[in-house]
Amino acid sequence: MNRLVLALAALAPASAFVAPAAQSATVKVQETKADLEALAVELNPIVGFYDPLGLADAEFWDTTNEETIGFLRQAEIKHGRVAMAGFVGYCLHANGVQFPLHIPGDYTTKNPGELWDQVPTEGKLQILGFIAFLEFFGELGSRTNEGAPHYMRGGKPGAYPSFKKYLNGVFPHPVPLDLFDPAGLTKNASEEKKARGRLIEINNGRLAMIGLFGFLAESKVAGSVPLLSFILPYDGDYMAPLQPLHILS
């Protein structure tokens, strides 16, 4: 699973690194490039606004520039979260830590890069199916979340719908937890604290993506990241989970 998480994290659009803007609950507020330039300083006053590919000026799929910025904002937050999970998973597996419940198989390796190769077909299908469900539910919820606009139409990037709200009554037993903040630690936080938390989350996500790329680079090219010389080498294909012909191989 760590292997798949690492591969997905590698898809993060790094040049979409921008800050979240405060939004009204009733008014659609779409971010502009000027908003990104101003708020990027809050994330990192040293680096500031960094967009070498000029994606903040783009208009994907015949949409407006504001809609494209909304898409990039959502993509960065999503992949930052995946990267944080992948970074932790990589470190845990490299130290021999495994979940007690999983598809039976031979998981003898401590090399996170080799883990996907050892996952049985049934396990791969479960992982891919679960990810597909999360993606579908996230997009569906972004259109039905109490009338809030889609993230490309002024909605809040990174907001994920509640399992308990939308799935209870659909399944025989109530869903006890939400994907985002399952313990409910932020539900009573002030708006100021939540806004600061979003800035911290983006910075942590960026750092996790850089860390994962460091792990991948060192495992493929020894010495490419001198501080990570302890990373085990991997001679397989990190992109195999995203290649349909190789998913079940």
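Leu167 belongs to helix H6, which spans residues 163-167; helices here are DSSP runs of H or I with at least four residues, numbered from the N terminus. The model is a predicted one, in which local features need pLDDT of at least 70 and side-chain atom pairs count only at pLDDT 80 or more, while totals for chains, interfaces and linings use all residues. Residues are numbered from 1 along each chain as its sequence is written, and side-chain values use heavy atoms, with hydrogens and water left out.

Helix H3 (residues 65-94) contains Arg81, and helix H4 (residues 112-118) contains Gln118. Relative accessible area sorts residues into buried (under 20%), exposed (over 50%) and partly exposed (in between), with a 1.4 Å probe and protein chains only.

| Residue | Relative accessible area | Class |
|---|---|---|
| Leu167 | 10% | buried |
| Arg81 | 26% | partly exposed |
| Gln118 | 23% | partly exposed |

Contact means heavy atoms within 4.5 Å. With neighbours within four places in sequence left aside, Leu167 is in contact with Phe133, Phe137 and Val175.

The UniProt record, an unreviewed entry, places the feature "binding site" at Arg81 and Leu167. Its positions follow the numbering used here, feature names are shortened, and annotations may be inferred rather than shown by experiment.

For Gln118, the contacts beyond four places in sequence are Asp106, Tyr107, Thr108 and Thr109. Between Gln118 and Thr108 the C-alpha to C-alpha distance is 8.6 Å, with the two residues 10 apart in sequence.

Key. Helices (H or I, at least four residues) and strands (E, at least two) are DSSP runs, numbered from the N terminus.
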